Amino acid sequence: MNMKPKQPYGNTTNVTKILTSRPYWDMEHVLRNRLRTAPQFVDNIELEAELRGHNGCVNCLQWSDNGHILASASDDFHVMLWDPFRHKLLHDLMTPHEGNIFSVKFLPKRGNSLLVTGAGDSKTFVFDINRQNDNPIRQCSCHLQRVKRLATSPRNAHMFWSAAEDGLVLQHDLRQPHACHGQDANVLIDLRSYMSTVPEVKCIAINPQRPEQLAIGANDIYARLYDRRMISPGNPNRRTEVMGDTVSVTNLIDNIPKDGCVQYFCPGHLGSKYQAASQLGEMYQYKAVTYLTFSPDGTELLANMGTEHIYLYDITRSRNPLFLELPKLPGAAEGSKSGADCSGADVSVGAEKTKHKFSPDVEQLKKEGNASLEKEQFLQAINKYTQAIQKVNGKDCAILYLNRATALMKRNWYGDVYAAVRDCHTALRLDPHYVKAHFRLARALLKLDKLKEAQICLEELVRRFPSYAKNPGVLMLEKDIGLEMDKARHRSPCSRMQTETYEQKENVGNMLCAYWRTMSIDYEQRYIGHCNTKTDIKEANYLGDSNYIVAGSDDGNFFIWDRHSGIIHSVFQADELIVNCVQPHPYICMLATSGIDHEVRLWSPQSPEKPAVRRTTVVDSIVHDNQTHMQIDPFDSIAPDQAICRAS
């Protein structure tokens, strides 16, 4: 039903003023799409209100189904229910929890009356807030470690799921009586059955369009997507006790659900021993998926990864990690020179003079990107090339992809070199004769320690384009690859012994990781800028009808990215220390955030004439500082007064 709101609502941009001036029944019919999707609203987001009442870190937020109530839960063991439009506390629920509350959920289709909580005391409670007392109507203490996340399905009013650091996912059905001594009857997923390390489930999500799909994130690099129709509660896996190095990797792999029951999602640059031991160093052990959510249409999975970035996966198609897969040369005989100028070193290799003329606006973006690259302003350069690629819709723009690959390699943040590899492949698909793309790909593979692949790529370049065999850049790269291969062949006996000891100790884990790696689906898009090292409850969500991605950060900011390009849209100061929770309203352009501070903050579009207070303009320096902190041991970077909050 399309109705144009009458004045004065048509000219105002304050969501709360609109809603408090109109009856609630009108919101869902008239304002839902208008207030959620309009880009001008996202452009004018600012702090609207602070909700005060908690006496501890606010670890979780949840909107009711109709968006009329916001629930917040805290280290103070309280759950508070708020009217977000009038900024009033509706109900203060003192729970019997004895540990920090990490998750709160409304059970759907229950009139906003039933709440579920999960906490650090390993317990879950169900409350009916319409009762005269606040005693739970159901409780469960089956988990053996902290309950980190709960999940509900919008189509099921009777069930919820809990994920905990004991490696278990439990399925709870309110229609069935529950006895905590019968834990196995509730177990849906048991990661202890096929992980060689001590598994901790950190997050869980149910696909809103396909409720049989359940995703979990744990203390490793994989997001796992299960089909619940293929597993059932009650000893879902044969449990294998992991005792040192005596466990059989075959037994562990045999325990992994098969036949399409589970899919694995992981960024292509993660998973090999090189990335674990060399590139990422000791930071690798801190990696965990801290939050998962599905897109509203159920086709994507968004994952926030600790000590890394945010990744978007397409769950409707398979995308394998890509390192070396050179396209065949069509038509023209191999060895054609493509009119390249071969003089000089690295930067001159295959500097093809493209005959394609871009439109003036694309040429301007390319020019600005080149200027930023020359000044070593890599973030700006990458953004300019990305904007140019979007304008030409990815066609006839091999040079833009290669320029972006160059900027990525020079910036060299986590995953940048692998992203450069992907861009080189795209450039080669668009122009198989692009000599410089062959060269840049070989250099990137070398940087990823893919020595054999780098050598093959360079040899193929020379075979296809013989005139480049004596190019100084090619000769230099050939020498660099040879030196690295020689180092690999002639490691010191001490180094070999240490490596062999490490490999024996980690053999089971490495073999399992290799097994998962071969089955994993690569990401579609990534979002860079925030810092996620100090807490393992940091969220990332869709905002503005899926056109934007939003997430909190260790620096006290929350970030908004353009979902399609990955470019940062805006950054807002939202907490003195850390922003963990970012929960967009289900129907309108409103956002609730919380973190280490005791306040819950509400954000909505404000008048364009109103000066921006919380929006920051120093985005580049913030992003650079965050990426620097990402490479520091989180325990070294944490302040003494934050030590307690690190546990969350």
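In the predicted model, the chain contains 17 helices and 29 strands. Of its 648 residues, 58% are buried. When contacts between residues at least 6 apart in sequence are considered, 62% of them join residues at least 24 apart.

Among the sheets, one is formed by four strands in the order E23-E24-E25-E26; this sheet is open, and its pairing is antiparallel. Strand E23, which spans residues 540-543, and strand E26, which spans residues 568-573, each have a single partner strand and stand at the edges, so one side of each is left without a neighbour in the sheet. On average, and with direction ignored, neighbouring strands of this sheet are turned by 20° against each other.

Within this sheet, strand E25 covers residues 557-562 and pairs with E26 in the antiparallel sense over five bridges. Two of the facing positions can be named for this pair: asparagine 557 stands opposite glutamine 573 in E26, and tryptophan 561 stands opposite isoleucine 568 in E26. E25 and E26 form a hairpin with five residues between them, and in the turn of this hairpin glycine 566 has a positive phi of about 80°. Strand E24, made of residues 548-552, is joined to E25 by five bridges, and these two strands also run antiparallel. Here the bridge partner of alanine 551 is phenylalanine 559 in E25. E24 and E25 likewise form a hairpin, with four residues between them, and glycine 556 in the turn has a positive phi of about 85°.

Strand E19, residues 300-305, is joined to E20 by five bridges, and the two strands run antiparallel. In this pairing glutamate 300 stands opposite aspartate 314 in E20. E19 and E20 form a hairpin with four residues between them, and the residue in its turn with a positive phi, of about 55°, is threonine 307. E20 is also joined by three bridges to strand E22, which comprises residues 525-527, and this pair again runs antiparallel. Across it, isoleucine 310 stands opposite tyrosine 527 in E22.

Turning to the helices, two packed helices are described by the angle between their axes and the distance between the axes. Helix H9, residues 416-430, and helix H10, residues 435-447, pack at an angle of about 155°, and their axes are 9 Å apart. With that angle, H9 is roughly antiparallel to H10, since angles over 145 degrees count as roughly antiparallel. The crossing of H9 and H10 is left-handed. On the side of H9 the contact is made by Val417, Val421, Cys424, His425, Ala427 and Leu428, whereas H10 contributes Ala437, His438, Arg440, Leu441, Ala444, Leu445 and Lys447. Sorted by class, the contact of H9 with H10 has nine nonpolar, two polar and two charged residues.

Most residues other than glycine have a negative phi, and most peptide bonds are trans. Phenylalanine 77, by contrast, is a residue other than glycine with a positive phi, near 70°. Phenylalanine 77 lies in the loop between strand E3, residues 70-74, and strand E4, residues 78-83. Its relative accessibility is 23%, so phenylalanine 77 counts as partly exposed. Lysine 109, likewise a residue other than glycine, has a positive phi near 60°. Lysine 109 is found in the loop between strand E6, residues 101-106, and strand E7, residues 114-119. With a relative accessibility of 56%, lysine 109 counts as exposed, because the cut-off for exposed residues is a relative accessible area over 50%.

Methods:
Residues are numbered from 1 along each chain as its sequence is written. This is a predicted model: local features need pLDDT of at least 70, side-chain atom pairs count only at pLDDT 80 or more; totals for chains, interfaces and linings use all residues. Side-chain values use heavy atoms; hydrogens and water are left out. Two strands pair if DSSP finds at least two bridges between them. Axes are lines fitted to C-alpha atoms, for helices over the stretch in contact, and angles run from 0 to 180 degrees between N-to-C directions. Angles under 35 degrees count as roughly parallel, over 145 as roughly antiparallel, 65 to 115 as roughly perpendicular and the rest as oblique. A crossing is left-handed if the near helix is turned anticlockwise from the far one by less than a right angle, and right-handed if clockwise. Contact means heavy atoms within 4.5 Å. Ala, Val, Leu, Ile, Met, Phe, Trp, Tyr, Cys and Pro count as nonpolar, Asp, Glu, Lys and Arg as charged, and the others, Gly among them, as polar. Buried means under 20% relative accessible area, exposed over 50%, partly exposed in between (1.4 Å probe, protein chains only).
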